[in-house]
Amino acid sequence: MEATGTDEVEKIKSKFMSAWHNMKYSWVLKTKTYFSRNSPVFLLGKCYHFKTDESGELSTDGSNFDKINTEISGNVEEFRKDFISRIWLTYREEFPQIKGSALTTDCGWGCTLRTGQMLLAQGLMLHFLGRAWVWPDALDIDNSDSESWTAHTVKKLTASFEASLTAEREPKILSNHHQEALKRNCDGSEMRNEVYHRKIISWFGDSPLAAFGLHQLIECGKKSGKIAGDWYGPAVVAHILRKAVEEARDPELQGVTVYVAQDCTVYSSDVIDRQCSFMDSGKAVTKAVIILVPVRLGGERTNMDYIEFVKGILSLEYCVGIIGGKPKQSYYFAGFQDDSLIYMDPHYCQSFVDVSIKDFPLESFHCPSPKKMSFKKMDPSCTIGFYCRTVQDFEKASEEITKMLKSSSKEKYPLFTFVKGHSRDYDFASSALHEENDLFSEDEKKRLKRFSTEEFVLL
């Protein structure tokens, strides 16, 4: 009985937490984001120009399209369509209970796991859909909905409290928008893309069976000493994503692998070994690789000398974003304009969506409006991600990034390096990180703990 009472208290606490976060972050979502008319906007390697003869700013929510010419309006719409097409993964509530806890929401602690999910989702979108793909329904998401989110949140706070006391669940109102989408006459390519679009989102569903869902990521995190409710750092999440991809059993995912850099070093032969493997039949198999590089952009604060490098990284089409944020508040960085980062915020708490049902609603997995943040506010601890489909792509990317690292580094040592050979060829590197086993090695646990507590030395 005592345990049951504790569980009930935890559930009520979780409901208050989710309602509080909705109250807190709905103001952020309601705020319009303005972009300069005279500076290019970069989004995961794509460049958009809103340039006009007039100076000033414009909003990307479409509210002032009448003030700009048709050409610029079209470019803004293309940017909006591209941004909205990225997969947005946020706090959720009322999902199946996380094993070993009473938690049915990740409000207040799961933001870095969510930004890690967004980065991995972008890598999978590049793999299955390509960078040119955009969601046909992207512009049908009505950004004006955000105007009523604050009022809705107040109602939800009251409803959550009442439901907590009566042990009732809030009724879920599912959108009928997906039914309209089914009526669209699609050709074979569009149908295939929509299948993969839904499949990728389903891999991130909030259920124990989803390959990259919160439940599975937490299971992977347990092997490094993390439990549900803990705060996860960007470097720890990089290793958790690697383990989750290794353990994924869906045949569609066997063509993708993840490599995590060691001590800010990418060992080329280790990456290529991950990309090239042999089946039991002796047949060679080539995999695409998502490379994750945990780095630190300064001491207690971000060193502004690294800004140009970060911009350069986000200008590359094979960049899948950055797991970063402000201190103790994680964001998914996907682009920039001038000295401001463009990001998606995972802190808005949404209701659980059962992705196992046919034609589940997609709207809550796509962010209606981008947000901007000054580089100066960026937490120095982050993880950078790249996607390389082939070994040739990796070799080309490593050359291009190495040049960028050298040109942007004002210090003697670059932010991270690519070196030839395997990690085992170097005395100071531990090969334990590459052991193919189900558990983290002791050496790896120490490395993860060091990154998570942010106690490592900058060269």
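Before anything else, I noted how elements are named: helices (H or I, at least four residues) and strands (E, at least two) are DSSP runs, numbered from the N terminus. I am working with a predicted model, where local features need pLDDT of at least 70 and side-chain atom pairs count only at pLDDT 80 or more, while totals for chains, interfaces and linings use all residues. Residues are numbered from 1 along each chain as its sequence is written, and side-chain values use heavy atoms, with hydrogens and water left out.

**Entry: loops**

I started with lysine 358, which sits in the loop between β14 (350-351) and β15 (371-374). Buried or exposed? I use buried for under 20% relative accessible area, exposed for over 50% and partly exposed for in between (1.4 Å probe, protein chains only). Lysine 358 is exposed, at a relative accessible area of 73%.

Next I looked at phi angles. Most residues other than glycine have a negative phi. Lysine 328 has a positive one of about 60 degrees. I found lysine 328 in the loop between β11 (319-326) and β12 (329-337), exposed with a relative accessible area of 61%. Aspartate 338 also has a positive phi, about 55 degrees, and is not a glycine either. Aspartate 338 belongs to the loop between β12 and β13 (340-344) and is partly exposed, at 39% relative accessible area.

**Entry: overall count**

Of the 459 residues, 56% count as buried. Contact here means heavy atoms within 4.5 Å. Among contacts with a separation of 6 or more, 75% join residues 24 or more positions apart.

**Entry: cores**

A nonpolar core is a set of buried Ala, Val, Leu, Ile, Met, Phe, Trp, Tyr and Cys residues joined through side-chain atoms within 4.5 Å. Which members of the largest core touch the most other members? Among its 74 residues they are Trp109, Leu113, Leu124, Ile200, Trp203, Phe204 and Phe212. Helix α3 (residues 111-128) is the biggest contributor to this core, with nine residues. I followed up leucine 124: leaving out residues up to four places away in sequence, it touches Leu129, Ile200, Trp203, Phe204, Phe212, Leu253 and Val256. Apart from this core lies another, of 42 residues, including Ile291, Cys382, Ile384 and Met404.

**Entry: helices**

In α9 (residues 268-275), I found Ser268, Asp270, Val271, Arg274 and Gln275 buried. Seen down the axis of α9, the buried residues fall within an arc of 165 degrees, so they line one face of the helix; the arc is that of the directions from the helix axis to the C-beta atoms.

Then I turned to a packed pair. α3 and α8 (residues 234-247) pack at about 55 degrees, with their axes 10 Å apart. Axes are lines fitted to C-alpha atoms, for helices over the stretch in contact, and angles run from 0 to 180 degrees between N-to-C directions. α3 and α8 are therefore oblique to each other; under 35 degrees counts as roughly parallel, over 145 as roughly antiparallel, 65 to 115 as roughly perpendicular and the rest as oblique. The contact involves Thr112, Leu113, Gly116 and Leu120 of α3 with Pro234, Val237, Ile240, Leu241 and Val245 of α8.
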